[in-house]
Amino acid sequence: MQGIILKAISGFYYVEADEKVYECKARGRFRSEKITPLVGDRVEFTPDGDKGTVDGILPRKNELARPPVSNIDKLFIVSSAKTPSPSALLIDRLTALCAYKSIEPIILFNKNDLEDLSSWCDIYKNAGFKTISCSAKSGEGIDEIRKELKNSVSAFSGNSGAGKSSLLNILFKDLKLSVGEVSEKLGRGRHTTRHCELFRHEFSGFVADTPGFSSLEPDKEDINFKESLADCFTDFERYASECRFADCKHIGEKGCAVCEAVKNGEIEKTRHASYLTIYEELKDLKAWNIKK
């Protein structure tokens, strides 16, 4: 049979097929071949009552290590007005990763009942991203988010305390996800979501609740990501072709049209600052540095 992995915990994979969920283990060859099934994988499996065995993974559209999901159409990047405040670098890491993985990013600025978030929305609208100002408390923006969920496999990611679980509870009241208190001292919340889980919803799709995102770490694809980093900042594209040198890295070279656009306010300064930070992190990465 074929199905989709909804949840993966301690070596067990919960596969949905024909409106039934099977508790499955992966065949031994997965371990020897260093293959890890992910939430979102379309799989072939052999059922045995309510249990079963995962036999194979169908080709993936894409995969993310953090959050650990595959075959994602849209990634909702959740930031909040305060506790914690938005971080341009964290948002820009994920939008770049989305571009690299062919995932549509949608940026949610939550808790707008606490503070005006229009300046943050403007930064990302000007950069060409779909943004939604919302509040899990007041309900503002919730209908707009629901429209974006239609006919897609979506994941929610954001720093701890940004309100992912609260938003999901409003969007899908039957999920009843746990919501943690935000630490006033640390300015962040405890990770209330301990595993990644996929839920079928009423809008003909699936949504994943995932642990909070963390910094990009080297993996087997980082060399390629390093080389395509500028392309992953899609708001640079219209200016990059005008740079004096074809191999311009947009870090301050003479004749760099991207840097000139930043200077003139045509590209957001925070976006370019994030690019420079990520570039510095990756510039010395060599093939022998990559984690196996």
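Is D18 buried or exposed? D18 is exposed, with a relative accessible area of 70%; exposed means over 50% relative accessible area, buried under 20%, and partly exposed in between (1.4 Å probe, protein chains only).

## Basis of the model

This is a predicted model, in which local features need pLDDT of at least 70, side-chain atom pairs count only at pLDDT 80 or more, and totals for chains, interfaces and linings use all residues. Residues are numbered from 1 along each chain as its sequence is written, and side-chain values use heavy atoms, with hydrogens and water left out.

## Overall make-up

The chain has 10 helices and 15 strands. Helices (H or I, at least four residues) and strands (E, at least two) are DSSP runs, numbered from the N terminus. Of its 292 residues, 47% count as buried.

The accessible surface of the chain is about 15,200 Å², and carbon and sulfur atoms hold 48% of that area. Accessible areas come from the Shrake-Rupley method with a 1.4 Å probe; for residues, only the protein chains shown count as cover. Among contacts in the chain with a separation of 6 or more, 63% are between residues 24 or more positions apart; contact means heavy atoms within 4.5 Å.

## Nonpolar cores

In soluble globular proteins, nonpolar side chains tend to be buried together. A nonpolar core here is a set of buried Ala, Val, Leu, Ile, Met, Phe, Trp, Tyr and Cys residues joined through side-chain atoms within 4.5 Å. The largest has 39 residues, and those with the most contacts inside it are V15, V54, V69, L75, F109, Y124 and L198. Helix α2 (residues 88-101) gives the most to this core, with five residues.

Leaving aside neighbours within four places in sequence, L75 is in contact with L94, C98, I103, E104, P105, I106, A155 and S157. Another core, of 21 residues, lies apart from the largest one; its members include A96, C232, C248 and I278.

## Strand β8 and S79

S79 belongs to strand β8 (residues 74-80). With a relative accessible area of 4%, S79 is buried. Its contacts, apart from neighbours within four places in sequence, are with P86, I91, L108, F109, N110 and A162.

Helix α5 (residues 164-171) is largely enclosed by the rest of the structure, because six of its eight residues are buried. The buried residues of α5 are K164, S165, L167, L168, N169 and L171.

The axes of helix α4 (residues 142-149) and α5 come within 11 Å and cross at roughly 80°. Axes are lines fitted to C-alpha atoms, for helices over the stretch in contact, and angles run from 0 to 180 degrees between N-to-C directions. On the α4 side the contact is made by I142, I145, R146 and L149, and on the α5 side by L167, I170 and L171.

## Positive phi angles

Most residues other than glycine have a negative phi, and most peptide bonds are trans. D18 is not a glycine, yet has a positive phi of about 55°. The loop that holds D18 runs between β2 (12-17) and β3 (20-26).

K111, also not a glycine, has a positive phi of about 65°. K111 sits in the loop between β9 (104-110) and α3 (118-126). Whereas D18 is exposed, K111 is buried, with a relative accessible area of 15%.

## Two partly exposed residues

H195 is in the loop between β13 (188-189) and β14 (197-201) and is partly exposed, with a relative accessible area of 27%. H195 and I9 are 186 residues apart along the chain, and their C-alpha atoms are separated by 7.1 Å.

K283 is in the segment after α10 (269-282). K283 is partly exposed, with a relative accessible area of 34%. Between the C-alpha atoms of K283 and E227, 56 residues apart along the chain, the separation is 9.0 Å.

## Cysteines

The structure holds zero disulfides, a disulfide being a pair of cysteine sulfur atoms within 2.5 Å. For C121, the nearest cysteine sulfur is that of C134, 8.6 Å away. C121 counts as buried, at 5% relative accessibility. C259 is likewise in no disulfide, and the nearest cysteine sulfur, that of C256, is 3.5 Å away.
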